Amino acid sequence: MGGTILLVDDEKEITQLLDIYLKNEGFTLLTAHDGLEALELLKTHHVDLIILDVMMPRMDGIQACMKIREDKQMPIIMLSAKGQEIDKITGLSIGADDYVVKPFSPLEMLARVKSQLRRYRQLTGMPAKNDSEIVIDELVINTATHKVIVDQVEVRLTPREFAILHVLARNRGMVLSMEQIYEAVWNERFYESNNTVMVHIRKIREKIEKDPSAPQYIKTVWGIGYTIE
């Protein structure tokens, strides 16, 4: 698969461990010890995916993720010793695509890296087609260029957010449950207590809706799921 991974973590043991596994799989690894170092590296290097620790000196992972998401769309995997659901929701709500709790299996991390890259490349590398644009009122979703336009202004979505919006748009008029959306986008089994889809829907609404509390596009069908009418 290949690609350049930016690992942002101040723990030397984790850096050394992932360095071995990632390089053995053909990845190029860049490392930073805090969020500020990561932002500087991103100014001068092309990066395909970021593994970002939450707890770091100077600038932590939450701050760094929000800053990165201002103008970059590559997948971000958050890494933290905290495993409570609220911490995962926080990481996902500020733009992360996945969340891994320490201690973790290097093989699991490698699998997640490959999965995120594969999905991102599928979303951004689709060949242009006659039906590459989905137009719903003032909302334009281009599946070839991975761009979303609202009222003639481009809106930046994360890969996960784009995938959710695309699933709803291509099934316009249908009500999709959180389970259906999750399994279509994440390609893994949905668990009843999982609030991931709800968090991502909220973030999408904040970006594409004039009034997220009274959405024009993504409607909630209480007790069932979400739809774009």
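Biologist: By class, how many nonpolar, polar and charged residues does the lining of the second largest pocket have?

Modeller: This is a predicted model, in which local features need pLDDT of at least 70, side-chain atom pairs count only at pLDDT 80 or more, and totals for chains, interfaces and linings use all residues. Residues are numbered from 1 along each chain as its sequence is written, and side-chain values use heavy atoms, without hydrogens and water. A pocket is an open set of points on a 1 Å grid over the protein atoms alone, where a 1.4 Å probe fits, with protein on both sides within 12 Å along at least five of seven lines; lining residues have an atom within 4 Å of a point. With Ala, Val, Leu, Ile, Met, Phe, Trp, Tyr, Cys and Pro as nonpolar, Asp, Glu, Lys and Arg as charged, and the others, Gly among them, as polar, the lining has eight nonpolar, four polar and five charged residues.

Biologist: Which elements give two or more residues to that lining?

Modeller: The second largest pocket is lined by 17 residues, and those nearest its centre are Arg119, Leu123, Ala163, Ala184 and Val185. With elements taken as DSSP runs numbered from the N terminus (helices H or I, at least four residues; strands E, at least two), the contributors of two or more are helix 5 (106–124), helix 6 and helix 7.

Biologist: Is Asp53 buried or exposed?

Modeller: Asp53 lies in strand 3 (residues 49–53). Beyond four places in sequence, its contacts (heavy atoms within 4.5 Å) include Val8, Asp9, Asp10 and Lys102. Buried means under 20% relative accessible area, exposed over 50%, partly exposed in between (1.4 Å probe, protein chains only). Because its relative accessible area is 3%, Asp53 is buried.

Biologist: Which residue takes a positive phi in the hairpin of strand 10 and strand 11?

Modeller: Strand 10 (residues 218–221) and strand 11 run antiparallel and are joined by four bridges; two strands pair if DSSP finds at least two. Val221 stands opposite Gly225. Three residues lie between the strands, and the one with a positive phi, near 85 degrees, is Gly223.
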